[in-house]
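This briefing reviews the pockets, the nonpolar cores and the annotated spans of one protein model. Please read it alongside the sequence and structure shown below.

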Amino acid sequence: MALLTGATLRSRRVGRRLAADAGLLFVAAAFVLPLAWVVLSSLDAHADLRVRVPDGLTLDNFDAVLKPDITFTPLLNSLVLCGGGTALTVVCAALAAYPLSRFRSRLNRPFLLTILFATCLPITAIMVPVYALFVRVNLIDTVQGTIFFFAASQLPFAIWLMKNFMDGVPRELEEAAWTDGASSLQSLVRIVLPLMGPGVAVVTVFSFVMMWGNFFVPFMLLLTPDQMPASVSINDFFGNRGTVVYGQLAAFSVIYSTPVILLYVLVARRLGGGFALGGAVKG
C-alpha cells in the first residue's frame, strides 16, 4: 500500500512537471516565433506572414529601407526625442526621489500613492486636454514639447523606482559627506547616485524603451513629417487596401530594434551589479 502511494505521488509530480514544462515551452514559443519571423523575413525576398526559412538569403530588403527619408531621419528623430526625454526623466526622478527617501513627512505616503495612481492612467485618456494645452502654449509640433510630455508621462513610475533604489543606500555615508562640508545636492550627485548605479540603469532603460516604442504620443503632438520618429514612420510600410511589404517591414523592424538592444548591452553590467556596499558602513 505504501509502495503504491509513493508511486502515485511520483507520477503526479512527474505529470505536474511535464505540464509546467509544456506551459513554459508554449510561452517561449509565443515570444520566439514573432522574433524568428522578423529575422527570417528580413532576409527573404518573398516574405509573407509565414515563419519559414527563405529559399535564398538576400539583403535587398535592407538596401530598400536604408535611405535617409525612410530610416535614418526617423531614427535620428527617435534618438533625439527618447534620449532627451530619458535624460530629463532620470534627472527629475532623482531630484524628486531624494527628499522622499531621506526625509520623513506625513505627505510622503499620500504623494507616493498619488504617483502610483498616475501610472495607471491610460495615455489616451489625457491626450485630448494635453493636445489643447499644447496648442494654447505653442508647443504643438515641436520636439521640445514632445520631449517634455514623454518625460512627464514616465516620471511617476521613474520616481517610484528611483525612491526604492535610493532607500538601499545607507544614510551614514551621506552624513560623513555632510561632516566634510558637502551639501545635500553634492552628496546626492557624488555619493548616492554612484552607489545606486544599477537603479539608475534600470530607470534609464525602462524609460527609454517605453518612449522608443510609443506611437500614439508623437503621432498626436507632431505634425511635420520630417519630425516623425521611427515608431510612427513604420506605419508607412502598411500600404493602401491592406498591401504590406513584409520583407521591408521586417528589415526596418530589425534596424529599429538595434538601439534598444545596444542600450541594454551597454548597461547590462550595471543591471546585474548590485550595490557593493559591503564594508562601507561599520559598527
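Helices, as named here, are DSSP runs of H or I with at least four residues, numbered from the N terminus. By that naming, α3 (68–102) and α11 (230–233) each supply at least two residues of the lining of the second largest pocket. The model is predicted.

**Largest pocket**

- The volume of the largest pocket is about 420 Å³.
- Its lining comprises 15 residues, of which Ala 118, Thr 119, Leu 121, Ile 123 and Ser 153 are the closest to the centre.
- At least two lining residues come from each of α5 (123–136), α6 (143–166) and α9 (197–212).
- The greatest contribution to this lining is that of α6, with six residues.
- Sorted by class, the lining of the largest pocket holds eleven nonpolar and four polar residues, and no charged ones.

**Second largest pocket**

- Among the 14 residues lining the second largest pocket, Asp 69, Pro 225, Met 228, Ser 233 and Asp 236 are the closest to its centre.
- With four residues, α3 gives the most to this lining.
- The lining of the second largest pocket consists of eight nonpolar, three polar and three charged residues.

**Nonpolar cores**

- The largest nonpolar core contains 34 residues, and Phe 149, Trp 212 and Leu 221 have the most contacts inside it.
- Helices that each supply at least two residues of this core include α2 (60–65), α3, α5, α6, α9 and α10 (216–221), together with α11 and α12 (246–271).
- The largest share of this core comes from α12, with eight residues.
- Another core, of 18 residues, lies apart from the largest one and has Ala 97, Ile 115, Val 192 and Met 196 among its members.
- When neighbours within four places in sequence are left aside, Leu 221 is in contact with Met 127, Val 130, Tyr 131, Phe 134, Ile 140, Asp 141, Thr 142, Thr 146 and Phe 149.

**Annotated spans**

- An unreviewed UniProt entry places the feature "transmembrane region" at residues 18–40, 75–98, 110–134, 146–162, 200–223 and 243–267.
- In the model, residues 110–134 are 84% helix and 0% strand, and the end C-alpha atoms of this span lie 29 Å apart.
- Residues 200–223 are 79% helix and 0% strand, with their end C-alpha atoms 33 Å apart.

Definitions and conventions. Residues are numbered from 1 along each chain as its sequence is written. This is a predicted model: local features need pLDDT of at least 70, side-chain atom pairs count only at pLDDT 80 or more; totals for chains, interfaces and linings use all residues. Side-chain values use heavy atoms; hydrogens and water are left out. On a 1 Å grid over the protein atoms alone, a cavity is a set of points where a 1.4 Å probe fits but cannot get out, and a pocket is an open set with protein on both sides within 12 Å along at least five of seven lines; lining residues have an atom within 4 Å of a point. Grid points are joined across faces, edges and corners, and a volume is the space filled by probe spheres set on the points. Ala, Val, Leu, Ile, Met, Phe, Trp, Tyr, Cys and Pro count as nonpolar, Asp, Glu, Lys and Arg as charged, and the others, Gly among them, as polar. UniProt positions are given in the numbering used here, feature names are shortened, and annotations may be inferred rather than shown by experiment. A nonpolar core is a set of buried Ala, Val, Leu, Ile, Met, Phe, Trp, Tyr and Cys residues joined through side-chain atoms within 4.5 Å. Buried means under 20% relative accessible area, exposed over 50%, partly exposed in between (1.4 Å probe, protein chains only). Contact means heavy atoms within 4.5 Å.
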